Amino acid sequence: MSAKRSRLILSILMLVSLLTVLLSVVGFLPEDGTAQKLGWISAGGQAGGSDGAVDQPGTDQSPDSGLEDPKAEVAAGDLAEFPVADLVPADDPSGQLDSWPAQSSIERVREVDLASWTGRTKDQAPLTGITIFLDPGHGGQDTGALYPAHSSDPTAIESEINLEVAQKVRTELEALGATVILIRESDIWQSIFYRIAWTGRYLAEQFLAELADAGFESGKIEDLIPLLDQVMLINSDSDASGGRGLMSGEGASEELKLLLDVQAQYEDALYLSIHCNALDDDSSVRGLQVFYLTGATAYARENELAVDRGLANAAPVYRMYQDAARKKLARLVQDSILERLPALKYEGQKSLIDENYAVLRELNLASVLIELGFISNASDRALLLDPASQQQMAAGIAEAVYHYYCLP
Ligand SMILES: [Zn+2]
């Protein structure tokens, strides 16, 4: 191409983009809701920026409160309201909490053909199409476990180890073709509920976009977005913080049930929370433990809480988790790490534990919480701090994900 011609084309392009900007400024062009939303998602690819600031709802990083979604306006008339069933909670005759029926309040929109990943080999980016949320536990003001415990000058800091391992897991998983979303990229504080709400919001936004593609809109699902923003704004794990909004614990409101029903359609996504354990009064305890949560345990534990706290009016309990998938993932993560680092074998009673952790309960993806080892134990601590061993842990976790999807 001649230089003259290039200059001409460049000038035309510049003129067109200038015109576009002008038109959008004076309001001739519709605001692109989709781009705005995706922009928020990628800008906040990690929930919270590297400067430690969290994405605050209501700023330009956050989409409008859903109800006035410009995209819906543009397509008005084309989109039908997506039906959401009014389910009636099952009364428990024995005086325990009510529970939501094991039935989704919405029709399936996403078709996830898990069989299409079966048999893929590692040289063909086998996890393409799979999204992994990686949650390095703690951060910022919350260091997690320390060694020595309560030290002002610790030699091992859980939040740092969690992040180092998570970053290695990301590299491993990306090499296998997965889309990896690290919930935090740096040493910043985010409450457990912030992380859950951020992930829930990400999936709700995606779901709304997919609904639109299918010819639907949903006021009820859009209404969830500001509720999730509120949880992120509260950004606290404590009851005394004025509540956790939608994630109030002790059962699931209708809105939370809807959110969890949406997430149930994401079999192509996993949530992995990465932690280290500690036991201050017994440094001999060591080894890997992997936690998951089933519907039965969620129900049992929520009932215990209701008794303890006298929560007569607790909301019905959500029980429709992906029990089998969670158990399978937990076992694979354990086996795959131990295959590489046999010294991490847990010698106590149980290494796979069905437990009611909020991060597993308020999200309905196949999910596990991994306690890599005990920072309070010398042998585990040496592994947790050693980059080569961290790499083995990361390779084990990535192998488990590969196995989960491709070698069922
Ligand atoms: Zn932890």
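The legends below describe close-up views of a predicted model.

Residue numbers start from 1 along each chain, in the order in which its sequence is written. Because the model is predicted, local features need pLDDT of at least 70 and side-chain atom pairs count only at pLDDT 80 or more, while totals for chains, interfaces and linings use all residues.

View 1. Strands (E, at least two residues) and helices (H or I, at least four) are DSSP runs numbered from the N terminus, and two strands pair if DSSP finds at least two bridges between them. Strand E2 (residues 131-136) runs parallel to E5, joined by 4 bridges, and Thr131 stands opposite Thr179 in E5.

**View 2. Strand E7 within the sheet.** Strand E7 pairs with E2 in the parallel sense over 6 bridges, and Thr131 stands opposite Ala269 in E7. The pairing of E7 with E10 is also parallel, over 7 bridges, with Asn277 opposite Phe374 in E10. In a regular strand, the side chains alternate between the two faces of the sheet. Ala269, Tyr271, Ser273, His275 and Asn277 point one way from E7, whereas Leu270, Leu272, Ile274 and Cys276 point the other way. Of the 9 residues of E7, 9 are buried. A residue is buried if 20 or more other C-beta atoms lie within 10 Å of its own, exposed if 12 or fewer, and partly exposed in between, with C-beta atoms placed from the backbone.

**View 3. Helix H4 against helix H13.** Helix H4 (residues 158-175) packs with helix H13 (residues 387-406) at an angle of about 45°, and their axes are 8 Å apart. H4 is therefore oblique to H13. Axes are lines fitted to C-alpha atoms, for helices over the stretch in contact, and angles run from 0 to 180 degrees between N-to-C directions. Angles under 35 degrees count as roughly parallel, over 145 as roughly antiparallel, 65 to 115 as roughly perpendicular and the rest as oblique. Residues of H4 that meet H13 include Glu164, Val165 and Lys168, and those of H13 include Gln390, Met393 and Ala394. Contact residues have C-beta atoms, placed from the backbone, within 7 Å.

**View 4. Helix H5 against helix H7.** Helix H5 (residues 192-213) and helix H7 (residues 224-234) have axes 8 Å apart and pack at an angle of about 155°. This angle makes H5 roughly antiparallel to H7. Among the residues that meet are Phe193, Tyr194 and Trp198 in H5, and Leu224, Ile225 and Leu228 in H7.

**View 5. The surroundings of Arg319.** Arg319 lies in the loop between helix H9 (295-309) and helix H10 (323-340). With 19 other C-beta atoms within 10 Å, Arg319 is partly exposed. Arg319 and Gly295 are 24 residues apart in sequence, and their C-alpha atoms are 4.0 Å apart in space. Not counting residues up to four places away in sequence, Arg319 touches Ser99, Trp100, Ala102, Gly295, Ala298 and Tyr299.

Key. Contact = placed C-beta atoms within 7 Å.
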